[in-house]
Amino acid sequence: MKIKHLPLDQNINGWAALRGNTPRHPALHGNVTADWLVIGAGFAGLAFARRIAELRPHEHVVVLEALDVADNASARNSGFVIDLPHTVGSTSAELEQAQTYRRLLQFGLAHLKETVDQHGIECDWQNAGKYHCAVSEQFDDDIAHYQDELTTLGERFERLDNAALKQRLGTGFYRSAVYTPNCILVNPAALISGLVATLPPNVTVYANSPALQIDTHGAIRAETPHGEVRARKLMLAINGAARGLPLFKGNVFAMSTFATLTEPLTPEQRQRIGDISPWGSTPVNALAGATLRYTADHRFLIREHVNFTPGLVTGAVETGRHARRHQELFARIYPQLQDVNMAYTWSGLISITRNGAPVWGNLSENVYSSAGCNGSGSSKQSAFGRLLADHAAGEDHPLLADMHTVGRASYLPPRPFLDIGVKGFMARERWRSRSEM
């Protein structure tokens, strides 16, 4: 199998830039052998590698990452470690599915926290909660419905009006929100770097070593620009890049999201928004609204807009356009902060499936996969990767039953029909949620 597309973002990941110079992992040079080969050092790949190395301490695990470990898609996300599904639904089947995802998300979050605490990973880990926000009265019913869903699940929450939100967020932009208290906020580049640095000693990570061709007939063999890995078993954690591989049968595709970090607010600028603590907010429509964060070092993050990105490439010109959009949006949300400068704007890939279910489990006898995060990737893919290692090693775990009940990613049409469908859906959602911007 030849890899048809590799990710390329012509921009600087702000989270990684904040960390300054960090140790770099070497690229693969020459030929190596391993018991397990993991392709992709994101949350799923690292969770799988850590768990399989714990279960098989005398076996060698090799992880290949196409980019620097602090610059891959997982390191470019917004830094939310989500504990609850975004939607629940009203039928008994939808409620049961939501409870399943809640168990999986909280399992993934718990194991991330355990690793962070055990190894003292410095990633700005904060239990700040999350505000699920609406701007216009058009979405009052959606906010009320989410409140009812959380009540059904037995989760704690607060319903907040404009006045309460202005006091907590420093802006009167939002009409209403539902606050849930157990979402974690992090610097994702620092978290990924820390997860890599604390892997068991029988794991070797090679960065800037994209797999260019993978042979799964007989022994596993993967070619990189300057080397080759041979292994007995393979785990693919390449998300949106997976669509071009025959084993995935066209059931996943990639989209780019765009984010901007501001410069830190000065003490005088901070006085204009009041004495507020770090927080994170998500829009009532995740595809058409804006995600925001206020960080511990007094920066704002604005994430807004998603693009269909079948070639996995985002150019500098496109990033520049979104930088201007984010600055204009920030000026609307915080008109009292128009003198705050934007520091970094970057893009990052997420993988999407048609029915929201993952590509998880065996693709063939010795090939495994966890792809199709559909958002909430930090906690969800951490759970999926860890449980996949138990499955691959023949270990029992009660949540493996949940992995089978979430279903399997459904078939997607070929291009150009896929392009037309995705772009049409996105245009409709943006129009429907235009009042939120």
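Student: Let's start with strands. How many bridges join S5 to strand S9, and do they run parallel or antiparallel?

Tutor: Here's the general idea: strands of a sheet pair through backbone hydrogen bonds, either parallel or antiparallel. Keep in mind that this is a predicted model. In this case, two bridges join S5 to S9 (residues 184-185), and the two strands run antiparallel. You can look one of them up: Gln-126 has Leu-185 in S9 as its bridge partner.

Student: Which strands form the open sheet, and in what order?

Tutor: There are three strands, ordered S4-S9-S5, with antiparallel pairing. At the edges sit S4 (80-81) and S5 (126-127), each of which pairs on one side only.

Student: Now a helix. How far does H11 reach from its first C-alpha to its last?

Tutor: Helix H11 covers residues 417-432, so 16 residues, going by DSSP runs. Its reach is 23 Å, close to the 22 Å expected at 1.5 Å a residue.

Student: Which residues of H11 are buried?

Tutor: For that you need a cut-off: buried means under 20% relative accessible area, and exposed means over 50%. By that rule, the buried residues of H11 are Leu-418, Asp-419, Val-422, Met-426 and Glu-429. Look down the axis of H11 and these buried residues fall within an arc of 110°, so they line one face of the helix.

Student: What covers those buried residues, and what does the face turned away carry?

Tutor: The cover over the buried residues of H11 includes strand S14 (253-262) and strand S17 (300-308). Turned away from the buried side is a face with the exposed residues Phe-417, Ile-420 and Trp-431.

Student: What about backbone angles? Where should I look?

Tutor: As a rule, most residues other than glycine have a negative phi, and most peptide bonds are trans. You'll find Pro-416 in the loop between helix H10 (400-405) and H11.

Student: And what is phi of Asp-124?

Tutor: Phi of Asp-124 is near 60°, a positive value in a residue other than glycine. Asp-124 sits in the loop between helix H3 (92-119) and S5, and is exposed, with a relative accessible area of 51%.

Student: Is His-305 buried or exposed?

Tutor: His-305 is buried, with a relative accessible area of 15%. This residue lies in strand S17, and has a positive phi of about 85° although it is not a glycine.

Key: Residues numbered from 1 in each chain as written. Predicted model: local features only at pLDDT ≥ 70, side-chain atom pairs only at ≥ 80, totals over all residues. Heavy atoms only, no water. Pairing = 2+ DSSP bridges. Helix = DSSP H or I, 4+ residues; strand = E, 2+ residues; numbered from the N terminus. Expected span 1.5 Å × (residues − 1). Buried < 20%, exposed > 50% of the residue type's maximum accessible area, 1.4 Å probe, protein only. Arc of directions from axis to C-beta. Contact = heavy atoms within 4.5 Å.
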